[in-house]
Amino acid sequence: MALPVEEWKACASRRWAALEPALRERFAAASLRETLSLGCGLLRQLCRRVATGKEPAAARFYREEGNRQFGRREYVAAVRLYSQAAAHELPGSPEVSVCFANRSAALFRLRCFEVCLEDIARAENHGCPDRLLPKVLLRKAECLLCLGKLQDAANTLRVVENKIAVDGIMTSPAQQTLLKKLSELKVKIHERESNPQPARDECGDIQRKAETWEENDSISGASSSLSLKFDKERGRHLVATQDIQPGQKLLKEEAFVSVLCPGEHHLLQDSSETVWDTRVTNADLYCHRCLRQLLASVPCCGCSYAKYCSQNCADLAWEQYHRIECSLGALLLTLGVFCHVALRTVLLAGYAEVSRLVEGSCDGDKDCHNPNTRCKHPSEAPDARNGTRGIPGCNESGQYQSSYRAVFNLLPHAEKHSPEHKFLSTLSVVGICKQLQEAGLEAEVLNWESSEKCSKPEMCKEMAGELSPELKMVAEAMLRHVLQLQCNAQAITAMQESGSGDGAVVNKKPVRLATAFFPVLSLLNHSCCPNTSVSFSGTAATVRASQAIPRGQEIFHCYGPHRCRMKVAERQQLLNQYFFECHCQACLEELESDDKSVVSMRNSFCCPKCQASMQVGEDVLCCSNEACAISVSRESLSRRLQDLQQQIKTALELLEERKADQAIKMLQKCQMDAGNFLSPKHLLMGEMEDHLAQVYATLGKWQEAARHLRRSIEIVEVHHGPSSVEIGHELFKLAQILFNGFAVSEALSTIQRAEEILSVHCGPESTQIQELQEMKSCLLELPRSILQRT
């Protein structure tokens with residue numbers, strides 16, 4: 001999130017600047033416990049907060065906007081708006097049932113009959129108004145009819161008839177329409193009962209081979225082909241104990257904790273006129289507990305922010321952590337995701353486990369300042385007799401599990417963070433704990449029974465300023481986790497549809513959904529050219545070998561900076577946040593080579609006059625063609641590149657507005673401009689080909705779309721390699737285009753290549769693999785004569 005978190009950062013920065021120099025020096029040298037003690041007395045008030053409470057006026061606004069979108073037949077948008085309306089309604093109000101009833105109508109138009117029935121049940125449970133009930137029940141009967149549940153549909157119609165009989169004569173036009181609909185449904189049910197349809201052959205179910213998987217005895221969720229090692233230089237790391245093949249599953253781990261990244265469109269509470277935002281963010285699209293994609297969300301009863309995929313998820317979240325987080329939602333959104341993850345981590349662990357580990361952490365992390373002791377190993381490294389028993393995070397039996405113990409033992413690097421960052425983190429953690437205290441939630445956090453609450457009368461009155469010893473223990477653990485996250489946070493990503501999503505070709509891009517702790521995944525060290533790929537399903541991460549890994553080789557994961565995406569200097573700069581200098585094979589080769597980096601060559605500028613490559617310079621770039629010898633400032637070329645990117649963005653907005661012809665003209669103009677100063681293999685050239693393919697696909701011009709996408713694939717392959725996951729995603733799009741364009745032979749070969757690549761990186765059960773298999777199944781069922789012709 002940018003704002004208002006940036007506002008809080010600026011507020012903390014001003015307070016840091018106002019501190020006495022001696023106090024700033026104390027912060028720089030302090031341990032976690034000392035840092036917390038210093039910070040407890042410095043927080044007076046927090047900045048303004050994000051609005052997350054129930055707001056009936058907002059509910060009315062969203063419901064009316066939903067009605068407008070429904071009238072325009074924009075049913076997906078209507079569903080989202082009705083969901084926002086339901087989230088803002090006060091619990092128990094009759095308007096909540098109206099939101100669910102309206103949403104069920106939009107879901108019915110989308111032919112989401114099962115989900116529509118769930119919303120109808122919610123509308124009934126929340127006391128659907130009598131004026132709406134017959135209409136809602138008729139919709140229920142029609143859903144049941146569409147699902148083939150004839151007896152249930154007939155029973156529902158009898159309920160409607162009984163209600164009409166009780167209500168008396170119906171004479172208004174709307175009532176007459178209901179009666180007509182009732183008669184039509186009765187006829188349809190009778191016809192279906194008289195002419196039962198044969199059971200459909202479920203040909204869409206593809207038989208999939210189960211993956212062979214033998215779990216490690218010592219590392220939870222890891223393959224038996226891995227072992228946990230430790231040395232001073234690399235710390236904890238995983239090594240192959242046998243030869244590993246590409247695509248082999250190495251690790252599957254459920255996140256110990258995850259928090260949805262909310263987006264950037266939450267308004268601050270202000271005295272000025274309120275304008276509610278209708279833009280859709282992650283908070284509207286994914287379940288706040290399991291990260292499943294939402295269609296019709298179940299709102300929290302206490303706040304307008306938290307939304308879930310089902311009542312079961314809502315109940316589990318409430319029991320595990322949300323009963324405490326609910327009233328703190330505004331503060332947590334203000335302070336940011338890292339603070340939210342830290343709080344949820346201690347709530348999931350429980351106070352007993354938190355206090356046990358904090359008390360045993362060598363007097364408040366003094367070990368973190370001593371590189372010889374911070375890993376708490378009994379010797380330089382565990383010997384063969386101890387196995388993994390001496391490695392931090394392992395239990396008494398030498399097992400490394402995905403547990404709070406493992407999370408706690410991730411290094412916080414307290415001595416390496418800037419003093420100002422430690423100050424910001426400390427104020428944030430203290431702010432949360434003071435809010436817990438003021439809200440009377442301390443007993444809930446500490447898991448005290450009612451008898452314990454009574455024995456501690458100080459809990460019943462507000463404690464101004466000073467945190468209780470128990471909350472200080474919680475605060476210390478939270479501060480540790482906030483600092484750990486800079487080096488150990490894992491972004492959970494998903495392939496999300498870009499654009500309207502209503503075309504025959506689905507264009508997807510990876511987006512960050514959540515921030516999480518994966519203690520086993522965190523064992524993997526970084527490489528700018530890793531030998532693994534990581535994919536996600538909900539809150540679970542799966543690591544696969546992206547290439548052959550010989551026995552004895554370390555297992556590597558890329559933390560973000562990849563050799564295919566940026567130069568070595570840029571990678572090293574970005575990796576500074578992890579407090580290490582990368583010495584992976586890719587970096588060493590690039591640093592030792594006199595040649596220009598691969599990324600520089602591919603994403604280079606070309607001469608605006610003769611199109612020869614431009615020689616790299618600090619401020620001025622010179623043409624490599626001696627006969628031309630033109631020179632151009634780097635700044636002017638960078639400005640030109642920014643202008644081009646803005647024009648491409650405008651073209652995509654035209655596509656969103658269904659102005660395909662205008663989008664094509666603008667993209668073609670961008671291509672001509674780009675050809676005058678960008679290398680033919682510049683990644684942006686490939687992106688423009690991809691966008692043109694997307695536009696032509698929306699027009700049903702499949703051959704033209706395929707032609708542009710093939711060009712895009714050529715450029716992507718130059719950048720990322722022929723077996724990269726990026727090529728897999730591009731081939732998936734090409735397969736869709738060829739499938740829709742009825743180019744059977746080429747579609748089948750493209751599907752096969754895409755399957756081979758994506759199964760290595762994402763596994764045989766990924767959504768894209770399943771879609772590819774369904775396309776292949778449909779094509780292979782075509783008559784032999786058609787297959788031979790194409």
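Student: Which helices each supply at least two residues of the lining of the second largest pocket?

Tutor: In this predicted model, they are α4 (56-71), α6 (94-109), α8 (133-146), α9 (150-167) and α10 (173-194). Of these, α10 gives the most to the lining, with seven residues.

Student: Why is this space called a pocket, and not a cavity? How much space lies in the second largest pocket?

Tutor: The term pocket is used because the set of points is open, whereas a probe of 1.4 Å cannot get out of a cavity. About 770 Å³ of space lies in the second largest pocket. Its lining comprises 30 residues, and those closest to the centre are L132, K135, V136, R139 and L178.

Student: What is the make-up of that lining by class?

Tutor: The lining of the second largest pocket has 14 nonpolar, 11 charged and five polar residues.

Student: What makes β3 and β11 count as a pair?

Tutor: Pairing requires at least two bridges. In β11, T542 is the bridge partner of K252.

Student: In what order do the three strands of the open sheet lie, and which of them are edge strands?

Tutor: The order is β3-β11-β10, with antiparallel pairing. The edge strands are β3 (249-254) and β10 (532-537), since each pairs on one side only. On average, neighbouring strands of this sheet are turned by 15° against each other, direction ignored.

Student: Which helix lies across β10 and β11, and at what angle to β11 does it run?

Tutor: Helix α30 (residues 744-762) lies across both strands and runs at about 120° to β11.

Student: How many cavities of 30 Å³ or more does a search of the whole structure find, and what is the volume of the largest?

Tutor: The search finds five, and the largest cavity has a volume of about 140 Å³. Of the 16 residues that line the largest cavity, Y305, H322, E325, H340 and R344 lie nearest its centre. Two or more lining residues come from each of β4 (257-260), α12 (311-325), α13 (329-335) and α14 (337-349). By class, the lining of the largest cavity has nine nonpolar, five polar and two charged residues.

Student: Which residues does the annotation "domain: MYND-type" cover, and how much helix and strand does the chain have there?

Tutor: The unreviewed UniProt entry places the annotation at residues 287-326. Over residues 287-326 the chain is 38% helix and 10% strand, with the end C-alpha atoms 15 Å apart.

Key
Residues are numbered from 1 along each chain as its sequence is written. This is a predicted model: local features need pLDDT of at least 70, side-chain atom pairs count only at pLDDT 80 or more; totals for chains, interfaces and linings use all residues. Side-chain values use heavy atoms; hydrogens and water are left out. On a 1 Å grid over the protein atoms alone, a cavity is a set of points where a 1.4 Å probe fits but cannot get out, and a pocket is an open set with protein on both sides within 12 Å along at least five of seven lines; lining residues have an atom within 4 Å of a point. Grid points are joined across faces, edges and corners, and a volume is the space filled by probe spheres set on the points. Helices (H or I, at least four residues) and strands (E, at least two) are DSSP runs, numbered from the N terminus. Ala, Val, Leu, Ile, Met, Phe, Trp, Tyr, Cys and Pro count as nonpolar, Asp, Glu, Lys and Arg as charged, and the others, Gly among them, as polar. Axes are lines fitted to C-alpha atoms, for helices over the stretch in contact, and angles run from 0 to 180 degrees between N-to-C directions. Contact means heavy atoms within 4.5 Å. UniProt positions are given in the numbering used here, feature names are shortened, and annotations may be inferred rather than shown by experiment.
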